[in-house]
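Me: I am new to this structure and would like to learn how to read its features. Please take me through them one at a time.

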Amino acid sequence: MSEPVPPDRRVAIVTLGCARNDVDSEELAGRLAADGWELVADGTPADAVVVNTCGFVAAAKKDSIDTLLAAADTGAKVIAVGCLAERYGAQLADSLPEVDAVLGFDAYPDLSARLDDVIAGRAVRPHTPRDRRTLLPIAPAQRTGTDVGIPGHAGGPRVMRRRLEGGPVAPLKIASGCDRRCSFCAIPSFRGSFVSRRPADVLTEARWLAEGGVRELVLVSENSTSYGKDLGDVRLLETLLPELAAIPGIVRVRLSYLQPAELRPSLVEVLAGTPGVAPYFDLSFQHASGPVLRRMRRFGSTERFLTLLDTIRALDPQAGARSNVIVGFPGETSADVAELERFLVAARLDAVGVFGYSDEDGTEAAQLPGKMRQDTVDRRVERMSRLLEELMAQRAVERVDSVVDVLVEEVTGDIAEGRAAHQGPEVDGATTVRGPGLHVGDLVRASVVSTEGVDLVADLVAVIDAAPARPR
């Protein structure tokens with residue numbers, strides 16, 4: 001722990017990007033609070049603003065830079081952390097003199113001291129980027145016990161985390177990094193090789209979240225299907241999921257970020273058949289044309305992916321399935337686009353995100369021939385988006401007259417808003433439940449009567465598990 005900071009030292013944390021970044025920010029919040037900093041909301045006067053940036057794609061980078069500049073306009077000292085800072089370091093510092101410090105992941109344990117330096121006017125050397133895959137052994141089994149800093153993995157018997165937002169749903173990191181070598185993705189280079197958190201640490205943090213009123217755990221990582229391979233048991237997730245679902249107060253466990261090529265039959269069975277575990281399959285397909293997938297350095301095809309979905313729905317016909325796809329990849333032909341459309345029509349996915357390809361620094365795909373003009377990529381994105389809007393709405397209509405279990409997240413009078421098991425946070429739509437006397441955190445059963453695009457409208461049938469009364 002750093003030296004105590006002076007009294008009334010105030011810091012705001014702004015988080016961009018994915019749920020993994022949300023966990024990292026809450027770990028930073030826990031560290032800063034333990035060192036005596038007062039955490040304040042974004043927009044509140046503060047001595048320092050820590051911006052946890054995203055560096056995934058061009059749009060995310062721009063959003064991060066705009067947020068850093070907006071924070072500087074407040075007059076507070078601005079510290080950039082997160083993926084953009086880790087990935088570009090001194091280059092980012094040189095291009096944004098408005099930012100007072102650019103810190104990488106290795107600075108997280110000493111963040112309090114670095115913030116104190118910035119406020120005192122002492123120079124803080126910007127982070128020097130490096131390929132974080134080189135920091136850990138190649139063999140996964142040799143990665144345990146290393147002293148490499150990994151955001152979101154602090155804890156053990158003591159949880160180093162402080163929630164920045166309330167509500168009955170919270171992300172829980174089970175692993176970090178990725179060993180896959182997808183040609184379009186730079187994430188492994190700045191997030192590092194794959195490392196699982198130990199089950200005991202995950203369970204400790206899950207119990208802490210439940211004690212704080214969390215009802216749904218959303219398990220996040222860069223690649224959840226690899227969980228346990230570095231701990232000597234590739235099927236460790238199949239035992240961890242039921243243990244998490246059995247924690248008092250937890251009514252739903254949701255697993256995110258699954259690689260189709262690594263999805264074992266035993267894991268499919270646990271996800272589709274374990275009480276308290278959402279039958280929810282967040283599958284990273286990216287494309288369906290074999291030639292495009294090979295250039296992406298991925299595996300699969302339309303037939304293989306449809307067979308996987310058939311297997312899932314044979315176990316649970318109402319299971320949720322979502323994915324993301326990339327269009328405009330170098331060398332993608334009109335026939336490849338048609339094959340992707342054929343797959344999407346047959347797949348009946350609940351939600352699909354569409355990305356237009358763009359070069360990412362340091363990736364293999366950035367050097368591939370067959371690049372398309374930006375207007376061609378944009379047209380393909382628009383074409384795919386129109387198709388998917390229709391397909392997702394049709395899939396929602398298929399759920400009319402079905403019964404869904406909804407976790408209530410907002411209540412206004414006799415109208416509750418929440419998500420059914422097939423709807424992940426923020427990205428997959430929501431369900432409106434009509435019925436009296438509901439409270440945030442209730443798990444309710446409802447009958448679907450209509451749809452609004454991808455969203456469902458349902459009538460209350462019964463309260464399955466009422467939210468525990470919170471102390472006044």
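Reply: Strand E15 (residues 415–420) pairs with strand E16 (residues 431–434) in the antiparallel sense over four bridges. Strands, of at least two residues (E), and helices, of at least four (H or I), are DSSP runs numbered from the N terminus; two strands pair if DSSP finds at least two bridges between them. This is a predicted model, in which local features need pLDDT of at least 70 and side-chain atom pairs count only at pLDDT 80 or more, while totals for chains, interfaces and linings use all residues. Residues are numbered from 1 along each chain as its sequence is written, and side-chain values use heavy atoms, with hydrogens and water left out.

Me: Which residue stands opposite Gly-418?

Reply: Thr-431 in E16 does. E16 is also joined by four bridges to strand E18 (residues 455–465), and these two run parallel. Here Thr-432 has Val-457 in E18 as its bridge partner.

Me: What is the order of the open sheet of three strands?

Reply: In general, the side chains of a regular strand alternate between the two faces of the sheet. In this case the order is E6-E9-E10, with parallel pairing. Strand E6 (169–173) and strand E10 (252–255) are at the edges with a single partner strand each, so one side of each has no neighbour in the sheet. On average, neighbouring strands of this sheet are turned by 25 degrees against each other, direction ignored. E6 pairs with strand E9 (residues 216–220) over five bridges in the parallel sense, and Leu-172 stands opposite Leu-219 in E9.

Me: Which helix packs on the sheet?

Reply: Helix H8 (residues 236–245) does, touching E6, E9 and E10, and its direction makes about 150 degrees with that of E10. Contact means heavy atoms within 4.5 Å. Axes are lines fitted to C-alpha atoms, for helices over the stretch in contact, and angles run from 0 to 180 degrees between N-to-C directions.

Me: How do the axes of H8 and helix H9 cross?

Reply: They come within 9 Å and cross at roughly 10 degrees, H9 being residues 265–273. That makes H8 roughly parallel to H9; angles under 35 degrees count as roughly parallel, over 145 as roughly antiparallel, 65 to 115 as roughly perpendicular and the rest as oblique. Leu-237, Glu-238, Leu-241 and Pro-242 in H8 meet Ser-266, Leu-267, Val-270 and Leu-271 in H9. The residues of this contact divide into six nonpolar, one polar and one charged. Ala, Val, Leu, Ile, Met, Phe, Trp, Tyr, Cys and Pro count as nonpolar, Asp, Glu, Lys and Arg as charged, and the others, Gly among them, as polar.

Me: How many cavities of 30 Å³ or more are there?

Reply: Rolling a probe the size of a water molecule over the atoms shows where empty space is left. On a 1 Å grid over the protein atoms alone, a cavity is a set of points where a 1.4 Å probe fits but cannot get out; a pocket is an open set with protein on both sides within 12 Å along at least five of seven lines, and lining residues have an atom within 4 Å of a point. Grid points are joined across faces, edges and corners, and a volume is the space filled by probe spheres set on the points. The count here is two cavities. The largest cavity has a volume of about 80 Å³.

Me: What volume does the second largest pocket have?

Reply: About 340 Å³. Strand E14 (403–412) and strand E17 (443–452) each give two or more residues to its lining.
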